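The model comes first, then my entries.

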Amino acid sequence: MKRILLLGDIHANYPALKAISKYIQPNKFDQIINTGDFTVYSTFPNETIKWFRKRRKKAICILGNTDRRLLRILKGKKLKRPKKEEKRVMYFWTSENLHRKNITYLKFLPKETDFTVGKIRCGLFHGTRDNLDEELVPSAPESRFQQLARNSPYRVQIMGHSHVPYYKIVDGVHFINPGSVGRMFDADPRASFAILKVSSGKIAVEHFRIPYPVEAVVKDLKKHRLPEIYTKMFQTGEKLN
Ligand SMILES: [Fe+2]
């Protein structure tokens, strides 16, 4: 049996990643997947990226939209979105505080990728396989899942971005979103992740929600005098606005 740890949308929330790491012993997994958005909104982008760099051999990671925006800022380009000044602060703070080694690591990551477990082909996307920025949620019309399943070279499609954990099988394709490790939108601040098990062609998925020390995130945001909208976001487990 192959066991794959599915992580994503960590958003620099290292205390949440560490809590998961303690809970499930990542070294026991055959592979560790990250659906993207390592960075922005908490103050631990370096610790977060280092965690994956240390597990380079097992980790399969892609960039998320926040990571792509961050790389554009680092190239000297203007940040178009978000528009609100308070929301832009974390992008600039991250660009100023990210260590060189971690910038290099991000620069070499793909926007999407695929891998094989047993004989099962898995696609990994931040949004969906035809739109990097699509926020696919389980309540989306069945027809959308059918479109994504049509001619899919992958039996499993793993996605992030919507921060909504789900597992759906449509037309034989398994759609999995592990939810967000570090920035939930459903008013439950606990960290979300999933485990994918593949055994002789059979696929099983289990989702988890575990608590982590939110106060560690809040304390560090305050230490760096960052806007209160971020501390509120982590405390409530809700979107910025
Ligand atoms: Fe995200």
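This is a predicted model: local features need pLDDT of at least 70, side-chain atom pairs count only at pLDDT 80 or more; totals for chains, interfaces and linings use all residues.

Cut-off to keep in mind: I call a residue buried under 20% relative accessible area, exposed over 50%, and partly exposed in between. By that rule Arg-209 counts as partly exposed, because its relative accessibility is 21%.

Stayed with Arg-209. I found it in a salt bridge with Asp-186, the closest N and O atoms being 2.9 Å apart. The pair links distant parts of the chain: Arg-209 sits in strand β10, Asp-186 in the loop between β8 (173–177) and β9, 23 residues apart. Asp-186 is partly exposed too, at 41%.

Next I looked up Arg-144. Its side chain meets that of Glu-134 in a salt bridge, 2.8 Å from N to O. Arg-144 belongs to helix α6 (residues 142–149), while Glu-134 lies in the loop between β5 (120–125) and α6. Buried or exposed, these two? Both are buried.

One more pair: Arg-121 bridges to Asp-114 at 3.0 Å. I noted 33% relative accessible area for Arg-121 and 32% for Asp-114. The structure holds 10 salt bridges.

Last, helix α1 (residues 14–24). I have Pro-15, Ala-16, Leu-17, Ala-19, Ile-20, Ser-21 and Ile-24 down as buried. Their cover includes β1 (2–7), α2 (45–54), β9 (191–199), β10 (202–210) and α7 (214–223). At the start of α1, a side-chain oxygen of Asn-13 comes within 3.1 Å of the backbone nitrogen of Ala-16. Just after α1, I read a positive phi of about 50 degrees at Gln-25.

Terms used: Residues are numbered from 1 along each chain as its sequence is written. Side-chain values use heavy atoms; hydrogens and water are left out. Buried means under 20% relative accessible area, exposed over 50%, partly exposed in between (1.4 Å probe, protein chains only). Helices (H or I, at least four residues) and strands (E, at least two) are DSSP runs, numbered from the N terminus. Contact means heavy atoms within 4.5 Å. A polar contact is a pair of N or O atoms within 3.5 Å; within protein, one must be able to donate a hydrogen and the other to accept it, and residues adjacent in sequence count only if both atoms are side-chain atoms. A salt bridge is a side-chain nitrogen of Lys or Arg within 4 Å of a carboxyl oxygen of Asp or Glu.
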